[in-house]
Amino acid sequence: MSDSNPPIADLTDEALQLVLKRAIRNTLILGAIGAAVIWIASSWRNAAMLAVGAMISAASIFEWQRLIRLFNAKLDQQKTPRGATRVVLFFLARLIVYAAAIYGSLKCLQGSPVALLCGLGLAMLVLAWEALRLLRN
């Protein structure tokens, strides 16, 4: 066995921010491509459901990125970033907003809930892909 640290253990804050930005971008790209394919193959309603799920996924990664920045500043005993309270409150408020968006899309668009779940799952898929990329390097 080797005593070297896994690559993910040596991840700096800046590198983590870049990984999360790439994850947001890739989530939106995959959501747009998936919505276009579903629109052609099925209906616009299902495509819109996937797009709503993908946007919620990307926004969730963005909020986690802000929270991670806040926690890292606390752990490194740096000055807490301006608006820390606002970040935490917005994180909690977004849960209510996203629940309303999910409910509204299910009620109004009347598309497939499976398409919405696929869009919501894009964040996990993309983050797992980024983690594998980090481990491979």
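## Thr27 in helix H1

Thr27 lies in helix H1, which covers residues 13–41. The structure is a predicted model.

Thr27 has a relative accessibility of 0%, so this residue counts as buried, the cut-off for buried being under 20%. Leaving aside residues up to four places away in sequence, Thr27 is in contact with Ala54, Ser57, Ala58, Ile61, Leu122, Ala123 and Val126.

## The largest pocket

The volume of the largest pocket is about 160 Å³. Two elements each give two or more residues to its lining: helix H2 (44–75) and helix H4 (113–136).

The lining is made up of Leu20, Ser57, Ser60, Ile61, Trp64, Arg94, Leu120, Ala123, Met124 and Leu127. By class, these residues are 7 nonpolar, 2 polar and 1 charged. Ser57, Ile61 and Ala123 belong to this lining and are also among the residues that Thr27 touches.

## Helix H2 and the residue after it

Helix H2 has 32 residues, and at 1.5 Å a residue it should span 46 Å. The expected value is 1.5 Å times one less than the number of residues.

Just after H2, Gln77 adopts a positive phi of about 55°.

Terms used
Residues are numbered from 1 along each chain as its sequence is written. This is a predicted model: local features need pLDDT of at least 70, side-chain atom pairs count only at pLDDT 80 or more; totals for chains, interfaces and linings use all residues. Side-chain values use heavy atoms; hydrogens and water are left out. On a 1 Å grid over the protein atoms alone, a cavity is a set of points where a 1.4 Å probe fits but cannot get out, and a pocket is an open set with protein on both sides within 12 Å along at least five of seven lines; lining residues have an atom within 4 Å of a point. Grid points are joined across faces, edges and corners, and a volume is the space filled by probe spheres set on the points. Helices (H or I, at least four residues) and strands (E, at least two) are DSSP runs, numbered from the N terminus. Ala, Val, Leu, Ile, Met, Phe, Trp, Tyr, Cys and Pro count as nonpolar, Asp, Glu, Lys and Arg as charged, and the others, Gly among them, as polar. Buried means under 20% relative accessible area, exposed over 50%, partly exposed in between (1.4 Å probe, protein chains only). Contact means heavy atoms within 4.5 Å.
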